Amino acid sequence: VLQFGGPREQLAPLPQPAEAPPEAAVSPAPVGPGFVLQLGAFRTTTAAAAGWKLLSGRHAGILEGLEHFVTEADLGEKGKFFRLQTGPFPDRPAANAKCNELKNAGANCIIVAR
């Protein structure tokens with residue numbers, strides 16, 4: 001409450017800074033032998049989750065039915081990255097076929113052995 005010599009004025013409270021959205025969780029890759037596709041590497045799990053939303057929307061027919069997960073990679077001086085991956089695939093030819101589908105549709109991917 002401030003007083004300026006006249007009636008007391010009530011000032012509206014200052015807006016509070018918005019809280020940052022919580023980070024998405026890092027989800028472990030499926031266990032066992034096989035292959036996954038890495039679709040990107042991001043600085044935050046939130047960015048990785050947004051990457052999946054974008055890619056799964058653009059390439060719904062190709063990515064339909066596949067799980068996605070985010071794994072953390074500490075690259076020392078380069079910092080931490082969060083790798084967006086999908087799969088699993090039972091063998092390299094299956095992973096290669098799916099990766100080629102994505103590449104032909106304009107997306108990037110690399111095959112990662114588990």
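**Disulfide and salt bridges in a predicted model**

A search of the whole structure, which is a predicted model, finds one disulfide.

Reader: Which cysteines form the disulfide, and which parts does the pair tie together?
Author: The sulfur atoms of Cys 99 and Cys 109 are 2.0 Å apart, and the cut-off for a disulfide is 2.5 Å. Cys 99 lies in helix α3, and Cys 109 lies in the loop between α3 and β4 (110-113), so the pair ties together parts that are 10 residues apart in sequence. The cysteines are Cys 99 and Cys 109, and the parts are helix α3 and the loop between α3 and β4.

Reader: Is the link of Cys 99 and Cys 109 right-handed or left-handed?
Author: The angle about the S-S bond is 115 degrees. With that value, the link of Cys 99 and Cys 109 is right-handed.

Reader: Is Cys 109 buried or exposed?
Author: Buried means under 20% relative accessible area. Cys 99 has 2% and is buried. For Cys 109 the relative accessibility is 5%, so Cys 109 counts as buried.

Reader: Which residue meets Glu 101 in a salt bridge?
Author: The N to O distance is 3.6 Å, and the cut-off is 4 Å. Both residues of the pair lie in helix α3 (residues 92-104), three residues apart, about one turn of the helix. The partner is Lys 98.

Reader: What is the N to O distance in the salt bridge of Lys 80 and Glu 72?
Author: The structure holds two salt bridges. In this one, Lys 80 is partly exposed at 43% relative accessible area, and Glu 72 is partly exposed at 40%. Their side chains meet with an N to O distance of 3.2 Å.

Conventions
Residues are numbered from 1 along each chain as its sequence is written. This is a predicted model: local features need pLDDT of at least 70, side-chain atom pairs count only at pLDDT 80 or more; totals for chains, interfaces and linings use all residues. Side-chain values use heavy atoms; hydrogens and water are left out. Buried means under 20% relative accessible area, exposed over 50%, partly exposed in between (1.4 Å probe, protein chains only). Helices (H or I, at least four residues) and strands (E, at least two) are DSSP runs, numbered from the N terminus.
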